[in-house]
Amino acid sequence: MIPSIHKQGTSTVRLLAYLYGPGRREEHTDPHLVASFDGLTPDPGRDPATRLDDLARLLDEPLHLVPDDARPDKHVWHASVRAAPGDRPLTDTEWADIAQRVIAATGIDPGDGAGCRWAAVRHADDHIHLIATLVREDGRRPNHHRSATRAQAECRRIETDYDLHRVAAGDGTAAKRPTSAEQHKAQRLHQQRTTREELREAVRRAVAGTTTEDEFFDRLAAAGLLIRRRTAPSRDTLGYTVALPGNHNRDGQPVFYSGSKLAPDLSLPRLRERWTEPADNRPRPASRAATGPAAARRRVATAAWQSLLLIDQGDDRTIAAQVSATGEVLDALADTSAAHTRQALREAATAFERASRSHVRAAHGHDRALRQAARDLVHSGPALGRGEDSATTAMALDMLIFLVIAAATWHAKKHHAQQAEAARRAAAHLRTAYQATAAQPLAHLQQQGRRLRAHQRQRQSRALHVALPELANRVLTEAGWPALAATLTEVEAAGHNPVTLLAQAAARRELDTAERVSDVLTWRLRRTAELPAHPRSATPARVRRSLITAPPTRLEGHPSASPQH
């Protein structure tokens, strides 16, 4: 159940004409009253003798109790209440009860016998509109302060009482939703998203991994956006607005949006908080050779691992910084992804946008590793959809899924319901992208694992039992065990102790949430041991040697070392 408080108006009859009219796209069907302040109000939708003017005069009658110079300039209060997608159709009787409860909760008519006059109009199956005159029957103004918050709280109770979908409670930090006019314009132009949503995504991509204000504005310009800076007499920039080329108002002028109207954390003052680190501590660009697409994605995996430790051990402001920077990484990854994962990664970044913000103010500076990883992604250029680029994308996604799940867990503990739900949605999209990128390299590793000699498979099985006695039997029955066995053999061939690295790779509580533990361990071992993510990236001689023999490694226990980065 989703309530919306709309802008107050000056004309009751004009709003009624819209509510009882055909709608902007002929979408209104059978408009009629379902409830009113006295239950006896005549309905222009059912009574041909009743005109809209009659209903407007009835609702506006209390205005005559107030002197002309004391009447509110905008006396028309307007709200809508919409059922969530998937909810069952509600009857007129049920909508009438919902209307009365929301009207009472907002303070429009609290039930004291002298409330405002109001009416509830239904012209669609899934929502109603509430209209009221903001003068009570006793001539006083209603106490409708924080009416949106009150309506939200009442709708949560209504959902429980009517067994409807439970909409996550908000905390006032969500980005502003597109207006109905913006939505209608997008539909008229056959656009999948509104201009506000397009600009929000473009600005978030531009800010990912930036270190200075000038770099941010350069990226906005490179993205093709129209930019206006608001400056002080000293020529210091106070704020900015952006517009999409070709998006004009009725006068033919570009429609500009300020950063704060796109999202609370995209205002210039909030963005500057990310750039307040000392210059020598800011993320730095690296050469493409050092941070090509594959290397950049390895850095993402490492930074995500470090961030998980900070989420485990840090205070709330440190954790908030990690969550915010995770959003930058997802934006950068989506912007540089291969075609076959681009849609899923963009959906993940869009979903996580809501999770990246809460009332807990981020302590920027603790997020340097993630922001550097985002910067490396941007500077590395687009990734290929095959080979090492694709395999390291899977490696990065494996860690990012756990990081996003950790963010969801933290939000849930802090009772950030919308953010927790958004993070869980983002994790689902990341899993879709992971499956698209991981299948090929894991299949090659499984082939290598099946070619291992019997004594090698037994050796890696013993290493697994020594390092992870509680998980070993589960891992050995998974389809991904051959790939993990091949990786353990490569780990030994590279001179590492597989028991030690297995223990380090499993030193995360989120491992229990993995669908296949063997896949997670495979990627973590290949990252830690600096093995090629895609087996075809390794030299044929190295692969052949690892499949034939490996240096002896002691398996009697393992040191209790903490993960190394």
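## A hairpin to start with

S6 and S7 make a hairpin with five residues between them, and in the turn Arg-235 has a positive phi of about 75 degrees. Keep in mind that this is a predicted model, where local features need pLDDT of at least 70, side-chain atom pairs count only at pLDDT 80 or more, and totals for chains, interfaces and linings use all residues. Residues are numbered from 1 along each chain as its sequence is written, and side-chain values use heavy atoms, with hydrogens and water left out.

Helices (H or I, at least four residues) and strands (E, at least two) are DSSP runs, numbered from the N terminus. Two strands pair if DSSP finds at least two bridges between them.

## The sheet around the hairpin

As a bit of background, strands of a sheet pair through backbone hydrogen bonds, either parallel or antiparallel.

## Helix H2 and its covered side

Now for helix H2, which spans residues 52-60: Leu-55, Ala-56, Leu-59 and Asp-60 are buried. Those four cover an arc of only 125 degrees around the axis, so they sit on the same side of H2. The arc is that of the directions from the helix axis to the C-beta atoms. Buried means under 20% relative accessible area, exposed means over 50%, and partly exposed is in between (1.4 Å probe, protein chains only).

What covers the buried residues of H2? The cover includes helix H1 (12-20), strand S4 (116-122) and strand S5 (127-136).

Helix H15 runs over residues 417-450 and holds Gln-446. Gln-446 counts as buried because its relative accessibility is 14%. Leaving aside residues up to four places away in sequence, Gln-446 touches Ala-479, Gly-480, Pro-482, Ala-483 and Arg-516 (contact means heavy atoms within 4.5 Å). Thr-432 is also found in H15, but with a relative accessible area of 46% this residue is partly exposed. The C-alpha atoms of Thr-432 and Thr-341 are separated by 8.3 Å, although the two are 91 residues apart along the chain.

Over in helix H10 (residues 293-313) you'll find Asp-312. Asp-312 is partly exposed, at 37% relative accessibility. Asp-312 and Asp-265 are 47 residues apart in sequence and 25 Å apart in space, C-alpha to C-alpha.

## The chain as a whole

Stepping back, the chain has 21 helices and eight strands. Its C-alpha atoms fill a box of roughly 95 × 55 × 40 Å, taken along the principal axes. Of the 565 residues in the chain, 53% are buried. Among contacts between residues at least 6 apart in sequence, 75% join residues at least 24 apart.

The chain exposes about 25700 Å², and carbon and sulfur atoms supply 50% of that; these areas come from the Shrake-Rupley method with a 1.4 Å probe, and for residues only the protein chains shown count as cover.
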